[in-house]
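Subject: Handover of a structure and its findings

Dear colleague,

Please find below the structure that I am handing over to you.

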2 protein chains.
Amino acid sequence: MIPHLTATHAGLLQELESRVLVKSTEIEHWFRGQWQKHTPPFYASVDLRNSGFKVAPVDTNLFPGGFNNLNPAFQGLCVQAVSSTIDRTCPNASNLLLIPENHTRNPFYMQNIARLVTIFRQAGLNVRIGSLLPTITEPTKVEVPGHPPLVLEPLVRSGQRIGVKDFEPCLVVVNNDMSAGIPEILRGLDDSIVVPPLHAGWTVRRKSNHFTAYDQVAAEFAKLLAIDPWLVNPYHAHCGQVSFHERAGEECLAANVGEMLDQIRAKYLEYGIKDDPFVVVKADVGTYGMGIMMAKSVDDVVGLNRKQRNKMAVVKEGLEVHDVIIQEGVHTHERIDGAVGEPVVYMIDRHVVGGFYRVHTGRGIDENLNAPGMHFVPIAFNDCCIQPDFSAKPDAEANRFYAYGIIARLALVAAALELEQTAPAT
Amino acid sequence: MIPHLTATHAGLLQELESRVLVKSTEIEHWFRGQWQKHTPPFYASVDLRNSGFKVAPVDTNLFPGGFNNLNPAFQGLCVQAVSSTIDRTCPNASNLLLIPENHTRNPFYMQNIARLVTIFRQAGLNVRIGSLLPTITEPTKVEVPGHPPLVLEPLVRSGQRIGVKDFEPCLVVVNNDMSAGIPEILRGLDDSIVVPPLHAGWTVRRKSNHFTAYDQVAAEFAKLLAIDPWLVNPYHAHCGQVSFHERAGEECLAANVGEMLDQIRAKYLEYGIKDDPFVVVKADVGTYGMGIMMAKSVDDVVGLNRKQRNKMAVVKEGLEVHDVIIQEGVHTHERIDGAVGEPVVYMIDRHVVGGFYRVHTGRGIDENLNAPGMHFVPIAFNDCCIQPDFSAKPDAEANRFYAYGIIARLALVAAALELEQTAPAT
């Protein structure tokens with residue numbers, strides 16, 4: 001299933017898709033060079049937007065939580081990717097400890113964990129699940145729809161090592177974004193065995209760092225393809241010292257929103273695009289679509305009422321928002337049965353392993369679909385994103401998904417740069 | 001589609017399959033260890049036999065010619081495996097030269113080449129095809145059913161490098177088993193870029209070396225699983241200085257066939273197997289099912305008539321047979337619609353990437369299906385062989401294919417050992 005694309009701007013997109021196809025050898029060669037210089041994150045998912053004239057990442061998750069939404073037909077790609085990673089990074093490892101989020105009552109999230117456990121086991125690893133939940137004081141069975149029950153165990157710290165009872169892992173895979181801070185029990189570990197590294201969590205991570213790194217990656221990529229980097233890169237800006245509760249930082253917000261809307265308007269004029277420009281203001285920290293708003297004019301971000309301010313002030317785990325990122329809004333022009341669909345691409349190590357559409361019937365093209373409490377319908381890609389069809393048109397299904405995989409991998413390179421740049425001094 | 005297995009000996013096989021499943025972590029860990037010590041061949045296919053009481057490799061092809069028979073649904077596994085290999089072995093490579101067999105008029109073989117070309121291109125490589133055919137003196141289009149035409153080009157030698165016009169490859173992938181000897185144009189190359197190495201061709205290669213290496217691998221594996229190595233390893237013996245034309249070497253053949261039939265009988269007695277033992281006598285060199293015969297008694301190999309001797313005396317490319325391997329016959333107890341089915345597993349680097357059944361309706365369970373001129377029907381596996389189902393029975397489809405993948409990988413390790421042991425002194 002491939003969504004229909006609103007046809008208005010198909011020309012520009014086809015130009016991008018066709019450049020990607022023609023230059024695929026150079027692109028893959030360039031990626032290989034990147035992975036010689038930089039270490040890819042253990043895994044990642046990237047939310048893309050396809051406006052029909054640009055395809056761009058809008059969020060990169062280093063603790064991806066939707067493996068359950070991937071097409072089971074391509075699970076072998078996950079297994080092979082994990083095997084390759086283990087072969088290379090810790091060939092002597094067999095014991096893997098998985099540290100999940102504390103959402104044990106979210107059946108979808110637990111299905112994600114079950115899928116990860118299956119992938120790791122199929123790759124030949126012993127997997128145990130260590131929970132950060134204080135209520136888990138002994139091995140506890142959790143039912144998972146469609147899967148055998150999972151057993152959560154209390155984490156056991158011993159010197160610089162972490163494990164569960166009678167189980168010393170060679171590899172600790174974190175699937176918890178640490179929005180609440182780095183848990184005490186994970187501090188001061190021999191971190192050579194923890195992936196992703198702890199500074200990939202939201203205690204340290206900033207979206208603005210990610211997109212600053214992405215600017216560099218997108219510029220190099222655009223040069224390679226001889227295209228305008230804007231076609232794969234949304235504008236972004238940053239405001240610090242913001243407090244929505246205290247109405248602080250409003251000037252920075254207003255100035256940046258105004259300037260960015262002007263920049264977008266200029267680009268739209270250049271390319272003859274008739275859409276309404278908009279920007280997205282998001283907390284620089286955190287995930288799950290909290291602390292996020294759209295703005296089509298400066299007026300949308302000044303003089304917010306109490307309800308709006310409350311909504312922006314706090315994100316996941318009650319974290320107060322002090323920094324925001326202002327990002328160019330990319331319209332979502334993909335439709336599945338009339339509903340808006342946003343592609344999410346999944347990667348393990350350097351390999352694209354599939355993806356899915358986040359489909360929401362009740363939202364407009366310029367609204368964020370990953371909103372709190374929202375119930376999106378995931379529709380798995382029918383394509384694994386790594387098999388371009390050179391004899392088909394650039395916008396054929398296989399080629400569009402291949403392009404998605406490439407843009408997602410650009411964000412993956414940016415994440416690698418970001419993690420290098422933000423690594424704590426040792 | 002999974003063939004039905006004649007139920008007689010299912011108990012023994014289930015024991016093997018269940019050991020494989022229980023020990024999968026140890027097995028994968030053991031393989032990782034092997035690949036730290038040994039370099040896997042670039043690619044390989046392994047012919048397996050499943051007798052219902054043992055699963056064993058009977059032939060390992062280092063120039064696999066049936067990629068066209070693999071399930072297209074799993075082609076992503078091939079693409080990812082090639083990408084990983086290129087990442088690791090020659091990250092700076094983009095130009096790949098493929099040297100095929102000279103069977104340009106065999107549409108199935110050319111489909112194999114077309115599939116390989118597609119896989120390499122999807123992995124981001126520039127691919128050109130260099131032909132050893134003296135009749136190819138300029139770029140020549142060859143039609144391939146179901147694929148865009150391929151272009152064969154004359155090879156161009158320049159110093160220690162080989163290429164085609166205006167194309168210097170970083171990697172030369174050989175898909176020609178060199179039964180006719182190492183072509184002059186490939187001698188004295190900078191062989192660091194040629195895969196598989198030239199001594200993997202039948203000029204140097206001997207089946208008996210492969211199965212001697214396999215003895216060692218199977219013994220280690222059997223120890224790991226605490227099983228009788230015979231359950232994964234057919235007996236084999238070797239006779240040199242054989243000449244079927246001159247009736248030389250008959251005594252060696254008779255002695256070995258007699259002794260092996262006794263050994264098999266003893267094993268059948270031990271396990272209560274009621275099948276008729278048989279052995280297979282094959283040329284130690286070569287492929288394509290030429291120079292091959294079955295024997296159920298010593299009488300079958302002495303006093304051969306002229307027709308039988310002629311059939312055994314010469315293999316592919318007119319090569320005369322001087323060495324033979326005598327191999328325990330493994331009955332084929334897998335049936336698809338009443339026809340005998342032989343599994344063939346494909347691998348790229350260390351990764352299993354799928355396989356197919358070679359199905360022949362006109363042959364018995366103890367006959368070789370890979371015979372000259374035979375028209376087998378390939379039926380692609382519906383399973384990628386790397387996704388065991390730990391919650392299903394050991395003989396469930398996913399688990400049987402997983403076991404096949406493991407036995408095939410044992411043969412892959414043996415091939416790696418064999419290539420090390422037979423490498424020319426440098």
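The two copies meet through the same surface, because 100% of the interface residues of chain B are also interface residues in chain A. Two residues are taken to be in contact if their C-beta atoms, placed from the backbone, lie within 7 Å. Please note that this is a predicted model, in which local features need pLDDT of at least 70 and side-chain atom pairs count only at pLDDT 80 or more, while totals for chains, interfaces and linings use all residues. Residues are numbered from 1 along each chain as its sequence is written, and chains are lettered from A and ligands numbered from 1 in the order in which they are written.

**The interface and its symmetry**

In the interface, 35 residues of chain B are in contact with 35 residues of chain A. On the side of chain B that touches chain A, the elements giving two or more residues are α2 (24-37), α3 (75-89) and α4 (107-122) of chain B. Helices (H or I, at least four residues) and strands (E, at least two) are DSSP runs, numbered from the N terminus. The most is given by α3(B), with 9 residues. By class, this side of chain B has 16 nonpolar, 15 polar and 4 charged residues. Here Ala, Val, Leu, Ile, Met, Phe, Trp, Tyr, Cys and Pro count as nonpolar, Asp, Glu, Lys and Arg as charged, and the others, Gly among them, as polar.

Chain B is superposed on chain A by a rotation of 180° with 0.0 Å of shift along its axis (RMSD 0.0 Å). This is the relation of a two-fold axis. The superposition is by least squares on the C-alpha atoms of residues with pLDDT of at least 70 in both copies. Which residue of chain B comes closest to the rotation axis? That residue is B:Leu77, whose C-alpha is at 3.0 Å.

**Helix packing**

Two packed helices are described by the angle between their axes and the distance between the axes. Axes are lines fitted to C-alpha atoms, for helices over the stretch in contact, and angles run from 0 to 180 degrees between N-to-C directions. Angles under 35 degrees count as roughly parallel, over 145 as roughly antiparallel, 65 to 115 as roughly perpendicular and the rest as oblique. A crossing is left-handed if the near helix is turned anticlockwise from the far one by less than a right angle, and right-handed if clockwise.

Between the chains, helix α3 (residues 75-89) of chain A and α3(B) have axes that come within 9 Å and cross at roughly 15°. The two helices are therefore roughly parallel, and their crossing is right-handed. A:Gly76, A:Leu77, A:Gln80, A:Ala81 and A:Ser84 of α3(A) make this contact with B:Gly76, B:Leu77, B:Gln80, B:Ala81 and B:Ser84 of α3(B). These residues divide into 4 nonpolar, 6 polar and no charged.

Within chain A, the axes of α3(A) and helix α4 (residues 107-122) come within 8 Å and cross at roughly 60°. That makes α3(A) oblique to α4(A), with a right-handed crossing. In α3(A), A:Gln75, A:Cys78, A:Val79 and A:Val82 meet A:Ile119, A:Phe120 and A:Gln122 of α4(A). This contact has 5 nonpolar, 2 polar and no charged residues.

Also in chain A, helix α5 (residues 207-225) packs with helix α8 (residues 397-421) at an angle of about 130°, with their axes 8 Å apart. These two helices are therefore oblique to each other. The crossing of α5(A) and α8(A) is right-handed, and their contact has 11 nonpolar, 4 polar and 1 charged residues.

**Domains**

Chain A is divided into domain 1 (1-61 + 204-234 + 330-426), domain 2 (70-200) and domain 3 (238-329). The bounds come from an automatic or database domain assignment. The centres of domain 2 and domain 3 of chain A, taken over C-alpha atoms, are separated by 35 Å.

**Backbone details**

Most residues other than glycine have a negative phi, and most peptide bonds are trans. A cis peptide bond joins A:Val195 and A:Pro196, with omega about -20°. A:Pro196 is placed in the loop between β11 (194-195) and α5 of chain A. In chain B, a cis peptide bond joins B:Val195 and B:Pro196, with omega about -20°. A:Asp349 is not a glycine, yet has a positive phi of about 55°. A:Asp349 lies in the loop between β17 (339-348) and β18 (351-360) of chain A.

Yours sincerely
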